[in-house]
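Me: I'm new to this one. Could you show me how to read its main features?

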Amino acid sequence: MRKIEAIIKPFKLDEVKDALNAIGIQGLTVTEVKGFGRQKGHVELYRGAEYDISFIPKIKLEAVVPDAMVEKAIATIVEKAKTGKIGDGKIFVLSLDQVVRIRTGETGDAAI
């Protein structure tokens, strides 16, 4: 089992969610986050004053998938979240030792 964490632009959320659901990934955790990468934020003009916006609003998606689904899930996220512009985000893949469904006590792939 793997945990996929993807940081994407907020307006891409519905498109990515629908595409992941279409390939069979049902459970997602979505968190509104702020951060920056190479772009180091940006400057905005508001009422004649410049404001340095260091942290850009992003969405963090988390999904736990069986090993056999990892590459397909990554390809789907990349395809749907990509705009070709700076700040499209990143995907992190982590190994999981164990997953337990609290309600039933199921473990492993059955708990996903």
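Me: Which residues of the largest nonpolar core touch the most other members?
Reply: A nonpolar core is a set of buried Ala, Val, Leu, Ile, Met, Phe, Trp, Tyr and Cys residues joined through side-chain atoms within 4.5 Å. Here the largest one has 18 residues, and Ile8, Val16, Leu20, Ile25, Leu61, Val65 and Ile77 touch the most other members. Strand E1 (2-8), helix H1 (13-22), strand E5 (56-65) and helix H2 (70-81) each give two or more residues, with the largest share, 5 residues, coming from H2. Helices (H or I, at least four residues) and strands (E, at least two) are DSSP runs, numbered from the N terminus.
Reply: Mind the source: this is a predicted model, where local features need pLDDT of at least 70, side-chain atom pairs count only at pLDDT 80 or more, and totals for chains, interfaces and linings use all residues. Residues are numbered from 1 along each chain as its sequence is written, and side-chain values use heavy atoms, leaving out hydrogens and water.

Me: How many salt bridges are there?
Reply: A salt bridge is a side-chain nitrogen of Lys or Arg within 4 Å of a carboxyl oxygen of Asp or Glu. The count comes to 9. In one of them, Glu62 meets Lys3 at 2.8 Å, N to O; Glu62 lies in strand E5 and Lys3 in strand E1, so the pair ties together parts 59 residues apart in sequence.

Me: Is Glu62 buried or exposed?
Reply: Buried means under 20% relative accessible area, exposed over 50%, partly exposed in between (1.4 Å probe, protein chains only). At 17%, Glu62 counts as buried, while Lys3 is partly exposed at 23%.
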